[in-house]
Amino acid sequence: MTTATAPAVLSELELELLASIYQHRLLTTSQLHALHAPDRAVQVIQRATARLEDAGYLARARSLPPGGRESRWFHTDLGATVTAESTRLAVRNHRMDAHRARAARHLVAVNDVGVALTAAARTAGDDFTWRSWQHEVAHSTGPATRDVVIADAVLTYDIVTPTGIQSRWRFLELDRGTEAVHALVTKIRDYTSLATYKPARRADTSHLPALAWRRHYPVLPGLLFVFADLTPEQADRRIDALAGFVAADRTLANAKTPIDVTATTLDRLATPGPGAPIFTRIPTLEACTL
């Protein structure tokens, strides 16, 4: 059995790779390249990850077809411990293994959204990096334990203008067409409940805002559906169906605080990108930007 030996000193790039993989549970070689060294040869990332693997900090799995055979990188227990102790990132109790990594198509697609937004922000001079999205953020929508909606991710995109910064907060729901469109309507209802939910006041929470979401966000985030693993025609049919169901839903029509809902595809996020009118507002089917 070979014992891994940690590098005497980790480079700034290696530390960033460890931190971003820790935050996002798993990242592919191409995602790491796009996030951390887009202007350098991919071999720079390959050498850095190989060194971290030799040190016992990272492990890898190969993606299953149809995703090809690209390496998917995740932390070993040693790597997670070292990263948690050396960064200010929130402690992650979730642990990845090779079996989960090979099957993690949904997680890879969520991270593809972040990669696409990072590339767009870099081109536009905006602010969105690997630090700008958080996975599986839970929000209470009512007093019962089961009254919870869990966003696939929460995105914070800062648009830099001559007069200041305009922040865009979004709850992300990544849809690969694996469930009925009705299930997406149910999610919209849950987020609409979040918009108006006021937890019971207690002595230890009396200083907090009445609305639950205001305890975490300066404005109510919009809800963004991103469709992946579908042809453009399939995605558009799904968006049309979602708009129709939402328009006919009486619960949503009578909501006191409706939530802003938009939809797009992963391919459109990459090209032409979020600066173009690639988003469809639900239920009006009006094209809009981020």
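Modeller: Angles between axes under 35 degrees count as roughly parallel, and those from 65 to 115 count as roughly perpendicular. Please keep in mind that this is a predicted model.

Biologist: How are H2 and H6 oriented to each other, roughly parallel or roughly perpendicular?

Modeller: The axes of H2 and H6 cross at roughly 25° and come within 9 Å. Angles under 35 degrees count as roughly parallel. H2 and H6 are therefore roughly parallel.

Biologist: Which residues of H2 meet H6?

Modeller: H2 passes H6 in a left-handed crossing. On the H6 side, the contact involves Val108, Asn111, Asp112, Val115, Thr118 and Arg122. By class, the contact of H2 with H6 has 4 nonpolar, 3 polar and 2 charged residues. The residues of H2 that meet H6 are Gln31, Ala34 and Leu35.

Biologist: What span does H6 reach from its first C-alpha to its last?

Modeller: Helix H6 covers residues 105–124, which is 20 residues. At 1.5 Å a residue, 28 Å is expected. The span in the model is close to that value, at 29 Å.

Biologist: Which residue follows H6?

Modeller: The residue that follows H6 has a positive phi, near 80°. That residue is Gly125.

Biologist: How is H2 oriented to H3, roughly parallel or roughly perpendicular?

Modeller: Helix H2 (residues 29–36) packs with helix H3 (residues 42–54), their axes 9 Å apart, at an angle of about 115°. Angles of 65 to 115 degrees count as roughly perpendicular. H2 is therefore, relative to H3, roughly perpendicular.

Biologist: How many charged residues are in the contact of H2 with H3?

Modeller: From H2, the residues Thr29, Leu32, His33 and His36 take part, and they meet Val42, Ile45, Gln46 and Thr49 in H3. These divide into 3 nonpolar and 5 polar residues, and the number of charged ones is none.

Biologist: Is Thr141 buried or exposed?

Modeller: Thr141 lies in the loop between strand S4 and strand S5. Leaving aside neighbours within four places in sequence, Thr141 is in contact with residues including Asp147, Asp190 and Tyr197. Its relative accessible area is 15%, and buried means under 20%. Thr141 is therefore buried.

Biologist: What does Arg201 count as, by its relative accessibility?

Modeller: Arg201 lies in the loop between helix H7 and strand S7. Beyond its neighbours within four places in sequence, Arg201 is in contact with Ser206, Leu208, Pro209, Ala210 and Arg215. The relative accessibility of Arg201 is 46%, so this residue counts as partly exposed.

Methods. Residues numbered from 1 in each chain as written. Predicted model: local features only at pLDDT ≥ 70, side-chain atom pairs only at ≥ 80, totals over all residues. Heavy atoms only, no water. Helix = DSSP H or I, 4+ residues; strand = E, 2+ residues; numbered from the N terminus. Expected span 1.5 Å × (residues − 1). Axes fitted to C-alpha atoms, helices over the stretch in contact; angles between N-to-C directions. Parallel < 35°, antiparallel > 145°, perpendicular 65-115°, else oblique. Contact = heavy atoms within 4.5 Å. Nonpolar A, V, L, I, M, F, W, Y, C, P; charged D, E, K, R; others polar. Left-handed = near helix turned anticlockwise from the far one by under 90°. Buried < 20%, exposed > 50% of the residue type's maximum accessible area, 1.4 Å probe, protein only.
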